[in-house]
Amino acid sequence: MKRTFPAFLLLSTASLIVASCDSNGASKTSDNNAVTDSIYPPVEKNKPNTDYKPAFEGQTRAPGVKTQTPYESHVVTDKLESPWGIAVLPDGRLLITENEGSMRIVSENGELSEAIGGIPEVDARGQGGLLGLTLDPDFSSNRMVYWVFSEPVAGGNHTAVAKGRLADDEKSIENAQVIYQALPTYDGRLHYGGRIIFDKEGHLFVGTGERSDIETRPQAQDLQSALGKIVRITKDGQPAPGNPFASNQEARPEIYSYGNRNVQGLAIHPETGDLWSTEFGPRGGDELNRIEAGKNYGWPIITYGLEYSGKEIGNPPIQQQEGLEQPVYYWDPVLSPSGLTFYTGDAIPEWKNNLFNGGLSSTHIARLVIKDNKVVGEERLLEKEGQRFRDVAQGKNGEIFTITDAGRLYKIHKKS
Ligand SMILES: [Ca+2]
(Lines give C-alpha, C1' and ligand atoms only; values in the text may rest on other atoms or scores of the structure.)
Protein backbone atom coordinates (compact mmCIF):
# COMPACT_ATOMS: atom_id res chain seq x y z
CA MET A 1 0.00 0.00 0.00
CA LYS A 2 1.17 3.49 -0.82
CA ARG A 3 1.56 5.94 2.01
CA THR A 4 3.20 9.33 2.16
CA PHE A 5 4.90 9.38 5.48
CA PRO A 6 4.55 12.97 6.69
CA ALA A 7 0.82 13.20 5.91
CA PHE A 8 0.21 9.91 7.62
CA LEU A 9 2.17 11.10 10.61
CA LEU A 10 0.09 14.23 10.94
CA LEU A 11 -3.16 12.35 10.49
CA SER A 12 -2.48 9.54 12.87
CA THR A 13 -0.99 11.69 15.59
CA ALA A 14 -3.35 14.61 15.27
CA SER A 15 -4.40 14.17 18.87
CA LEU A 16 -0.80 14.11 20.05
CA ILE A 17 0.20 17.60 18.83
CA VAL A 18 3.30 17.53 16.66
CA ALA A 19 5.65 20.05 18.18
CA SER A 20 9.05 19.92 16.50
CA CYS A 21 11.54 17.85 14.53
CA ASP A 22 14.83 16.60 15.90
CA SER A 23 18.07 16.24 13.89
CA ASN A 24 17.11 12.72 12.74
CA GLY A 25 13.99 14.07 11.12
CA ALA A 26 11.92 12.42 13.83
CA SER A 27 9.03 14.48 15.07
CA LYS A 28 8.60 15.10 18.76
CA THR A 29 5.12 14.63 20.04
CA SER A 30 3.73 15.45 23.38
CA ASP A 31 0.55 14.88 25.30
CA ASN A 32 -0.21 14.64 28.96
CA ASN A 33 2.37 11.91 29.53
CA ALA A 34 5.55 12.91 31.31
CA VAL A 35 7.69 11.29 28.62
CA THR A 36 7.26 11.97 24.92
CA ASP A 37 7.81 9.61 22.02
CA SER A 38 9.57 10.58 18.83
CA ILE A 39 7.93 9.35 15.67
CA TYR A 40 9.79 7.39 12.99
CA PRO A 41 8.73 5.58 9.83
CA PRO A 42 6.79 2.34 10.46
CA VAL A 43 8.99 -0.53 11.67
CA GLU A 44 7.73 -2.90 8.96
CA LYS A 45 9.72 -2.42 5.73
CA ASN A 46 8.70 -5.59 3.90
CA LYS A 47 6.03 -5.77 1.22
CA PRO A 48 2.60 -6.94 2.43
CA ASN A 49 1.11 -10.17 1.04
CA THR A 50 -1.94 -8.33 -0.26
CA ASP A 51 -3.01 -4.88 -1.41
CA TYR A 52 -6.06 -4.95 0.88
CA LYS A 53 -6.92 -1.52 2.26
CA PRO A 54 -7.20 -0.98 6.01
CA ALA A 55 -10.58 0.07 7.41
CA PHE A 56 -9.08 3.19 8.99
CA GLU A 57 -5.83 5.15 9.11
CA GLY A 58 -3.30 3.58 11.45
CA GLN A 59 -4.87 0.09 11.47
CA THR A 60 -1.57 -1.31 10.25
CA ARG A 61 2.00 0.01 9.97
CA ALA A 62 1.64 2.66 12.64
CA PRO A 63 4.48 5.18 13.04
CA GLY A 64 7.66 3.78 14.56
CA VAL A 65 8.70 4.79 18.08
CA LYS A 66 11.91 4.26 20.04
CA THR A 67 12.29 3.83 23.78
CA GLN A 68 14.28 6.77 25.15
CA THR A 69 14.98 5.49 28.66
CA PRO A 70 18.20 3.43 28.48
CA TYR A 71 17.39 -0.24 28.97
CA GLU A 72 19.20 -3.52 28.60
CA SER A 73 18.36 -7.19 28.42
CA HIS A 74 20.12 -10.37 29.43
CA VAL A 75 19.50 -14.10 29.34
CA VAL A 76 18.49 -15.26 32.84
CA THR A 77 18.62 -18.91 31.79
CA ASP A 78 18.68 -20.91 28.56
CA LYS A 79 17.85 -24.20 30.21
CA LEU A 80 14.07 -24.22 29.83
CA GLU A 81 12.51 -26.72 27.42
CA SER A 82 9.97 -25.16 25.06
CA PRO A 83 8.50 -22.82 27.68
CA TRP A 84 5.00 -21.52 26.92
CA GLY A 85 3.61 -19.41 29.77
CA ILE A 86 4.97 -17.26 32.60
CA ALA A 87 3.26 -16.45 35.91
CA VAL A 88 4.94 -14.14 38.42
CA LEU A 89 4.85 -15.51 41.98
CA PRO A 90 4.29 -13.10 44.89
CA ASP A 91 8.00 -13.24 45.81
CA GLY A 92 9.05 -12.34 42.26
CA ARG A 93 10.16 -15.81 41.15
CA LEU A 94 8.56 -17.15 37.97
CA LEU A 95 6.37 -20.20 37.51
CA ILE A 96 6.81 -21.33 33.92
CA THR A 97 5.05 -24.03 31.89
CA GLU A 98 7.03 -26.25 29.55
CA ASN A 99 5.29 -27.61 26.50
CA GLU A 100 5.94 -31.31 27.14
CA GLY A 101 3.92 -31.13 30.35
CA SER A 102 5.97 -29.77 33.25
CA MET A 103 6.14 -26.57 35.24
CA ARG A 104 9.29 -25.17 36.81
CA ILE A 105 10.04 -22.30 39.14
CA VAL A 106 12.86 -20.01 38.05
CA SER A 107 14.60 -17.80 40.59
CA GLU A 108 15.89 -14.27 40.03
CA ASN A 109 19.40 -15.62 39.35
CA GLY A 110 18.19 -18.18 36.82
CA GLU A 111 18.15 -21.28 39.02
CA LEU A 112 15.61 -23.86 37.78
CA SER A 113 13.57 -26.08 40.07
CA GLU A 114 13.00 -29.74 39.30
CA ALA A 115 9.95 -30.42 37.15
CA ILE A 116 6.81 -29.97 39.24
CA GLY A 117 4.75 -33.16 39.31
CA GLY A 118 1.05 -33.91 39.46
CA ILE A 119 0.06 -32.37 36.14
CA PRO A 120 -2.42 -34.33 33.96
CA GLU A 121 -1.08 -35.76 30.71
CA VAL A 122 -0.91 -33.45 27.69
CA ASP A 123 -0.88 -34.12 23.94
CA ALA A 124 2.34 -32.32 23.07
CA ARG A 125 2.35 -33.09 19.35
CA GLY A 126 2.26 -30.16 16.95
CA GLN A 127 1.11 -26.94 18.62
CA GLY A 128 -0.37 -28.79 21.59
CA GLY A 129 1.05 -29.46 25.02
CA LEU A 130 1.07 -27.61 28.30
CA LEU A 131 0.17 -24.02 27.36
CA GLY A 132 -0.63 -20.83 29.29
CA LEU A 133 -1.15 -20.43 33.04
CA THR A 134 -2.30 -17.92 35.60
CA LEU A 135 -2.34 -17.62 39.38
CA ASP A 136 -5.42 -17.20 41.53
CA PRO A 137 -5.90 -13.55 42.63
CA ASP A 138 -5.74 -15.04 46.15
CA PHE A 139 -2.70 -17.18 45.37
CA SER A 140 -0.85 -15.95 48.47
CA SER A 141 -3.43 -17.69 50.65
CA ASN A 142 -4.80 -20.52 48.46
CA ARG A 143 -1.79 -21.31 46.18
CA MET A 144 -4.13 -22.17 43.28
CA VAL A 145 -2.81 -22.33 39.70
CA TYR A 146 -4.94 -22.52 36.52
CA TRP A 147 -3.54 -23.71 33.22
CA VAL A 148 -4.50 -24.57 29.64
CA PHE A 149 -3.41 -27.70 27.80
CA SER A 150 -4.31 -29.98 24.94
CA GLU A 151 -6.04 -32.93 26.54
CA PRO A 152 -5.62 -36.30 24.82
CA VAL A 153 -8.86 -38.30 24.69
CA ALA A 154 -10.44 -40.99 22.53
CA GLY A 155 -10.95 -39.47 19.08
CA GLY A 156 -8.27 -36.82 19.36
CA ASN A 157 -7.80 -33.88 21.72
CA HIS A 158 -9.13 -30.48 22.68
CA THR A 159 -8.10 -27.37 24.55
CA ALA A 160 -8.78 -27.89 28.26
CA VAL A 161 -8.35 -25.94 31.50
CA ALA A 162 -7.18 -27.49 34.76
CA LYS A 163 -6.51 -26.19 38.23
CA GLY A 164 -4.55 -27.39 41.24
CA ARG A 165 -2.72 -26.24 44.33
CA LEU A 166 1.02 -25.64 44.27
CA ALA A 167 2.24 -27.79 47.18
CA ASP A 168 3.99 -26.03 50.06
CA ASP A 169 7.24 -27.80 49.13
CA GLU A 170 6.71 -26.65 45.48
CA LYS A 171 7.44 -30.17 44.20
CA SER A 172 3.95 -30.90 42.89
CA ILE A 173 0.54 -29.61 41.95
CA GLU A 174 -1.97 -31.11 44.40
CA ASN A 175 -5.46 -32.30 43.46
CA ALA A 176 -5.18 -31.30 39.81
CA GLN A 177 -8.56 -31.41 38.12
CA VAL A 178 -9.78 -30.60 34.65
CA ILE A 179 -12.46 -27.93 34.99
CA TYR A 180 -13.25 -27.06 31.37
CA GLN A 181 -13.04 -28.63 27.90
CA ALA A 182 -13.40 -26.56 24.72
CA LEU A 183 -15.47 -29.05 22.72
CA PRO A 184 -15.83 -30.65 20.27
CA THR A 185 -12.83 -32.94 20.39
CA TYR A 186 -10.93 -33.08 17.11
CA ASP A 187 -8.11 -35.23 15.82
CA GLY A 188 -5.63 -32.50 14.91
CA ARG A 189 -2.40 -30.94 16.12
CA LEU A 190 -2.90 -27.23 15.43
CA HIS A 191 -4.60 -24.06 16.77
CA TYR A 192 -5.40 -24.66 20.43
CA GLY A 193 -5.28 -20.99 21.49
CA GLY A 194 -4.00 -21.46 25.03
CA ARG A 195 -3.81 -18.22 27.00
CA ILE A 196 -5.72 -17.72 30.26
CA ILE A 197 -6.20 -14.65 32.49
CA PHE A 198 -8.47 -13.47 35.28
CA ASP A 199 -10.97 -10.70 34.74
CA LYS A 200 -11.66 -8.08 37.43
CA GLU A 201 -14.57 -10.11 38.82
CA GLY A 202 -12.46 -13.20 39.47
CA HIS A 203 -13.56 -15.20 36.43
CA LEU A 204 -11.31 -16.65 33.76
CA PHE A 205 -10.95 -15.67 30.12
CA VAL A 206 -9.54 -18.44 27.94
CA GLY A 207 -8.57 -18.14 24.26
CA THR A 208 -9.20 -21.18 22.06
CA GLY A 209 -8.47 -21.94 18.40
CA GLU A 210 -10.46 -23.23 15.43
CA ARG A 211 -8.06 -26.16 14.97
CA SER A 212 -6.81 -24.76 11.65
CA ASP A 213 -8.26 -27.29 9.20
CA ILE A 214 -10.78 -26.27 6.53
CA GLU A 215 -13.13 -28.81 8.11
CA THR A 216 -13.20 -27.14 11.55
CA ARG A 217 -12.66 -23.53 10.47
CA PRO A 218 -16.40 -22.67 10.10
CA GLN A 219 -16.86 -23.53 13.78
CA ALA A 220 -15.31 -20.15 14.66
CA GLN A 221 -18.73 -18.77 13.62
CA ASP A 222 -20.74 -21.57 15.29
CA LEU A 223 -22.10 -20.66 18.73
CA GLN A 224 -22.59 -24.34 19.53
CA SER A 225 -18.85 -24.97 19.26
CA ALA A 226 -16.13 -23.73 21.63
CA LEU A 227 -13.57 -23.64 18.81
CA GLY A 228 -12.37 -20.22 17.62
CA LYS A 229 -13.69 -18.39 20.68
CA ILE A 230 -12.80 -16.52 23.82
CA VAL A 231 -14.71 -18.14 26.66
CA ARG A 232 -15.35 -16.79 30.16
CA ILE A 233 -15.68 -19.34 32.95
CA THR A 234 -15.73 -19.46 36.72
CA LYS A 235 -12.91 -20.95 38.78
CA ASP A 236 -14.92 -24.19 38.68
CA GLY A 237 -15.12 -24.17 34.90
CA GLN A 238 -18.79 -23.19 34.70
CA PRO A 239 -20.07 -20.45 32.35
CA ALA A 240 -19.42 -17.18 34.18
CA PRO A 241 -22.47 -15.17 35.27
CA GLY A 242 -23.35 -12.31 32.93
CA ASN A 243 -21.98 -13.96 29.80
CA PRO A 244 -23.55 -12.58 26.59
CA PHE A 245 -25.22 -15.79 25.34
CA ALA A 246 -26.49 -17.04 28.71
CA SER A 247 -30.14 -16.85 27.63
CA ASN A 248 -29.57 -18.15 24.09
CA GLN A 249 -30.57 -21.82 24.04
CA GLU A 250 -28.73 -22.26 20.73
CA ALA A 251 -25.37 -21.11 22.09
CA ARG A 252 -22.75 -22.41 24.50
CA PRO A 253 -23.12 -20.22 27.59
CA GLU A 254 -19.36 -19.99 28.20
CA ILE A 255 -18.78 -18.05 24.95
CA TYR A 256 -17.66 -14.42 25.38
CA SER A 257 -16.60 -13.62 21.80
CA TYR A 258 -16.55 -15.55 18.52
CA GLY A 259 -15.08 -15.47 15.04
CA ASN A 260 -11.60 -15.72 16.55
CA ARG A 261 -8.94 -17.81 14.82
CA ASN A 262 -6.21 -18.82 17.28
CA VAL A 263 -5.94 -16.69 20.40
CA GLN A 264 -2.55 -16.90 22.12
CA GLY A 265 -2.50 -13.40 23.63
CA LEU A 266 -4.85 -12.01 26.31
CA ALA A 267 -4.39 -8.94 28.50
CA ILE A 268 -6.58 -6.59 30.54
CA HIS A 269 -6.03 -2.85 29.97
CA PRO A 270 -4.88 -1.47 33.34
CA GLU A 271 -6.99 1.71 33.07
CA THR A 272 -10.08 0.82 31.05
CA GLY A 273 -10.37 -2.78 32.25
CA ASP A 274 -11.02 -3.87 28.64
CA LEU A 275 -9.95 -7.27 27.38
CA TRP A 276 -7.41 -7.12 24.55
CA SER A 277 -6.28 -10.11 22.54
CA THR A 278 -3.98 -11.14 19.75
CA GLU A 279 -4.65 -13.93 17.32
CA PHE A 280 -2.82 -15.54 14.45
CA GLY A 281 -3.97 -14.62 10.98
CA PRO A 282 -3.21 -16.91 8.07
CA ARG A 283 -0.60 -15.56 5.60
CA GLY A 284 -0.90 -11.91 6.63
CA GLY A 285 -3.63 -10.58 8.86
CA ASP A 286 -2.39 -11.24 12.42
CA GLU A 287 -4.75 -9.27 14.62
CA LEU A 288 -4.88 -7.19 17.78
CA ASN A 289 -8.47 -6.97 18.98
CA ARG A 290 -10.28 -5.18 21.78
CA ILE A 291 -12.81 -7.76 22.85
CA GLU A 292 -16.37 -6.87 23.75
CA ALA A 293 -18.94 -9.32 25.08
CA GLY A 294 -20.92 -11.16 22.44
CA LYS A 295 -19.20 -9.64 19.42
CA ASN A 296 -18.11 -11.42 16.26
CA TYR A 297 -14.45 -10.91 15.29
CA GLY A 298 -15.02 -12.09 11.77
CA TRP A 299 -12.93 -15.18 11.06
CA PRO A 300 -13.16 -16.73 8.50
CA ILE A 301 -15.63 -14.32 6.82
CA ILE A 302 -13.31 -11.31 6.91
CA THR A 303 -9.52 -11.36 7.08
CA TYR A 304 -6.55 -9.29 5.93
CA GLY A 305 -4.63 -12.46 5.10
CA LEU A 306 -4.38 -15.19 2.46
CA GLU A 307 -4.28 -18.95 2.70
CA TYR A 308 -0.76 -20.27 3.34
CA SER A 309 -0.83 -21.41 -0.31
CA GLY A 310 -1.25 -17.77 -1.37
CA LYS A 311 -4.88 -18.31 -2.43
CA GLU A 312 -7.46 -15.71 -1.42
CA ILE A 313 -9.85 -16.49 1.43
CA GLY A 314 -13.53 -16.13 0.57
CA ASN A 315 -15.13 -15.63 -2.82
CA PRO A 316 -14.85 -12.74 -3.24
CA PRO A 317 -12.34 -12.09 -0.43
CA ILE A 318 -13.64 -9.41 1.96
CA GLN A 319 -11.94 -7.55 4.77
CA GLN A 320 -14.81 -5.50 6.18
CA GLN A 321 -18.46 -6.33 6.77
CA GLU A 322 -21.23 -4.76 8.78
CA GLY A 323 -21.72 -6.57 12.09
CA LEU A 324 -18.19 -7.99 12.14
CA GLU A 325 -15.58 -6.29 14.31
CA GLN A 326 -12.49 -4.76 12.78
CA PRO A 327 -9.17 -5.49 14.45
CA VAL A 328 -7.69 -2.51 16.30
CA TYR A 329 -4.49 -3.31 14.42
CA TYR A 330 -3.20 -5.92 12.01
CA TRP A 331 0.16 -7.11 10.73
CA ASP A 332 1.06 -8.16 7.20
CA PRO A 333 3.60 -9.79 7.03
CA VAL A 334 2.78 -11.53 10.29
CA LEU A 335 4.37 -11.62 13.73
CA SER A 336 2.74 -14.88 14.82
CA PRO A 337 1.61 -13.11 17.99
CA SER A 338 1.76 -15.08 21.21
CA GLY A 339 1.88 -13.80 24.84
CA LEU A 340 0.56 -10.29 25.46
CA THR A 341 0.87 -7.95 28.42
CA PHE A 342 0.25 -4.32 29.34
CA TYR A 343 3.13 -2.61 31.13
CA THR A 344 2.08 -1.02 34.42
CA GLY A 345 5.49 -0.40 35.97
CA ASP A 346 7.30 2.86 36.70
CA ALA A 347 10.82 1.76 35.81
CA ILE A 348 10.53 2.82 32.16
CA PRO A 349 8.00 5.68 32.18
CA GLU A 350 7.22 5.83 28.46
CA TRP A 351 6.17 2.16 28.56
CA LYS A 352 3.24 2.88 30.89
CA ASN A 353 0.07 1.21 29.54
CA ASN A 354 1.92 0.08 26.40
CA LEU A 355 1.24 -3.40 25.06
CA PHE A 356 4.06 -5.90 24.65
CA ASN A 357 3.46 -8.83 22.33
CA GLY A 358 5.80 -11.76 21.75
CA GLY A 359 6.33 -12.53 18.06
CA LEU A 360 7.22 -16.08 17.02
CA SER A 361 7.96 -16.03 13.28
CA SER A 362 8.90 -12.33 13.42
CA THR A 363 11.47 -13.09 16.17
CA HIS A 364 10.95 -9.85 18.08
CA ILE A 365 8.75 -8.35 20.75
CA ALA A 366 6.34 -5.71 19.48
CA ARG A 367 5.89 -2.72 21.76
CA LEU A 368 2.64 -0.92 20.92
CA VAL A 369 1.73 2.56 22.12
CA ILE A 370 -2.04 2.73 22.58
CA LYS A 371 -4.10 5.90 22.64
CA ASP A 372 -7.91 6.07 22.59
CA ASN A 373 -8.01 2.36 21.76
CA LYS A 374 -5.83 2.80 18.68
CA VAL A 375 -2.20 1.89 18.05
CA VAL A 376 -0.24 5.13 17.56
CA GLY A 377 3.30 3.76 17.74
CA GLU A 378 5.19 0.49 17.23
CA GLU A 379 8.71 -0.55 18.21
CA ARG A 380 10.60 -3.82 17.93
CA LEU A 381 12.52 -5.09 20.93
CA LEU A 382 15.17 -7.83 21.04
CA GLU A 383 15.01 -8.28 17.28
CA LYS A 384 18.74 -9.07 17.09
CA GLU A 385 18.29 -12.14 19.31
CA GLY A 386 16.72 -14.30 16.59
CA GLN A 387 14.34 -15.93 19.07
CA ARG A 388 10.70 -16.99 18.89
CA PHE A 389 9.10 -15.06 21.77
CA ARG A 390 6.30 -17.11 23.33
CA ASP A 391 5.23 -15.12 26.36
CA VAL A 392 5.86 -11.75 27.98
CA ALA A 393 5.22 -10.84 31.62
CA GLN A 394 5.97 -7.93 33.89
CA GLY A 395 8.12 -8.76 36.90
CA LYS A 396 7.73 -7.54 40.43
CA ASN A 397 10.13 -4.62 39.98
CA GLY A 398 8.89 -3.23 36.67
CA GLU A 399 11.15 -5.41 34.54
CA ILE A 400 9.85 -7.44 31.63
CA PHE A 401 10.45 -11.16 31.39
CA THR A 402 10.08 -13.06 28.15
CA ILE A 403 10.52 -16.72 27.20
CA THR A 404 11.46 -18.22 23.86
CA ASP A 405 10.79 -21.52 22.14
CA ALA A 406 14.54 -22.25 22.25
CA GLY A 407 14.39 -22.27 26.05
CA ARG A 408 15.64 -18.83 26.96
CA LEU A 409 14.28 -16.55 29.65
CA TYR A 410 15.23 -12.89 29.13
CA LYS A 411 14.96 -10.03 31.55
CA ILE A 412 14.55 -6.54 30.06
CA HIS A 413 15.14 -3.75 32.52
CA LYS A 414 16.19 -0.16 32.93
CA LYS A 415 19.94 0.32 32.65
CA SER A 416 21.36 0.83 36.12
CA1 LIG B 1 -10.83 -10.75 12.93
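Strand S19 gives the most to the lining of the largest cavity, with three residues, strands being DSSP runs of E with at least two residues, numbered from the N terminus. The model is a predicted one, in which local features need pLDDT of at least 70 and side-chain atom pairs count only at pLDDT 80 or more, whereas totals for chains, interfaces and linings use all residues. Residues are numbered from 1 along each chain as its sequence is written, and side-chain values use heavy atoms, with hydrogens and water left out.

The structure holds one cavity of 30 Å³ or more, a cavity being a set of points, on a 1 Å grid over the protein atoms alone, where a 1.4 Å probe fits but cannot get out. About 60 Å³ of space lies in the largest cavity, the volume being the space filled by probe spheres set on grid points that are joined across faces, edges and corners. Its lining, made up of residues with an atom within 4 Å of a point, includes Tyr-329, Tyr-330 and Trp-331, together with Glu-378 and Arg-380. Both S19 and strand S23 (374-381) supply at least two residues of this lining. By class, the lining residues divide into five nonpolar, one polar and five charged, where Ala, Val, Leu, Ile, Met, Phe, Trp, Tyr, Cys and Pro count as nonpolar, Asp, Glu, Lys and Arg as charged, and the others, Gly among them, as polar.

S23 also pairs with strand S22 in the antiparallel sense over seven bridges, pairing being assigned if DSSP finds at least two bridges between two strands. Lys-374 in S23 is the bridge partner of Lys-371, and in the hairpin of S22 and S23, with two residues between the strands, Asp-372 takes a positive phi near 50°. S22 (residues 365-371) is mostly covered, six of its seven residues being buried, that is, under 20% relative accessible area with a 1.4 Å probe and protein chains only. Strand S21 (residues 355-359) pairs with S22 in the antiparallel sense over four bridges, and Leu-355 has Leu-368 of S22 as its bridge partner.

A calcium ion is coordinated by Glu-287, through two OE entries, and by Tyr-297 (O), at 2.2 to 2.5 Å. Because Glu-287 lies in strand S18 (residues 286-291) and Tyr-297 in the loop between S18 and S19 (329-331), the pair ties together parts that are ten residues apart in sequence. Donors are N, O and S atoms within 2.8 Å of the metal (3.2 Å for Na, K and Ca), and water is not among the atoms, so sites may look incomplete. Glu-287 is buried, with a relative accessible area of 5%, and Tyr-297 is buried, with a relative accessible area of 2%.

Methods: Buried < 20%, exposed > 50% of the residue type's maximum accessible area, 1.4 Å probe, protein only. 1 Å grid on protein atoms, 1.4 Å probe; cavity = no way out; pocket = protein on both sides within 12 Å on 5 of 7 lines; lining within 4 Å.
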